[in-house]
Amino acid sequence: MASPRTITIITLSVALGLFFIFMGTIKLTPRLSRDAYNEMKRAYKSYVRALPMLKKMGISSILLRKSIGALEVVCGIVMTLVPGRPKDVANFLLLLLVLAVLFFHQLVGDPLKRYAHALVFGILLTCRLLIARQPEEQPPEKRILSVNGDEQPLIQEAASEKGKMKVS
């Protein structure tokens, strides 16, 4: 049976992956929701207007929106389907992306209700990354020392279990 830690990581990975696939797709195409797509277009135009250096670097609102949308879709697919280390990389990239989006929302002065979802998913990404990076707890193996026919746990292991060292 899988450990609660493993179940938590898998559940968060799939849920977050599907969310970012959905949000990235909305940024890329109007097929899922024309209203949401048009809202994304409007929002990204305001982000580029608020950061004139993006315009100087040749980054248009279309390029910014499509780049972020494509990155969300790719990282979402990795979070959902790819096992191992790539999930952590995708998680980290999405976390950086969420921080950038939060910066954009603050820059243009959006109210909290416009970016609350980004805060929540940023927290979820942080939790998933922290849980995934924790080492798996392994139960210590008990080794037995036989002394004059009596079986006793090794002194080091007995001491670490009780926090004290046994002196005989």
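## Cysteines, helices and surface

Cysteine 75 is buried, at a relative accessible area of 4%. Cysteine 127 is partly exposed, at 34% relative accessibility. Buried means under 20% relative accessible area, exposed over 50%, and partly exposed in between (1.4 Å probe, protein chains only).

This is a predicted model, where local features need pLDDT of at least 70 and side-chain atom pairs count only at pLDDT 80 or more, while totals for chains, interfaces and linings use all residues. Residues are numbered from 1 along each chain as its sequence is written, and side-chain values use heavy atoms, leaving out hydrogens and water.

How many disulfides does the structure hold? There are 0. A disulfide here is a pair of cysteine sulfur atoms within 2.5 Å.

The protein has 7 helices and 2 strands. Along the sequence, the pattern reads α-α-α-α-α-α-β-β-α. Helices (H or I, at least four residues) and strands (E, at least two) are DSSP runs, numbered from the N terminus.

The unreviewed UniProt entry places "transmembrane region" at residues 7–26, 89–108 and 114–131. Such positions follow the numbering used here, feature names are shortened, and annotations may be inferred rather than shown by experiment. Two of these spans are described below.

| Span | Helix and strand | Distance between end C-alpha atoms |
|---|---|---|
| Residues 7–26 | 100% helix, 0% strand | 29 Å |
| Residues 89–108 | 100% helix, 0% strand | 29 Å |

Now the whole protein. Of its 168 residues, 34% count as buried. Among contacts (heavy atoms within 4.5 Å) between residues at least 6 apart in sequence, 61% join residues at least 24 apart.
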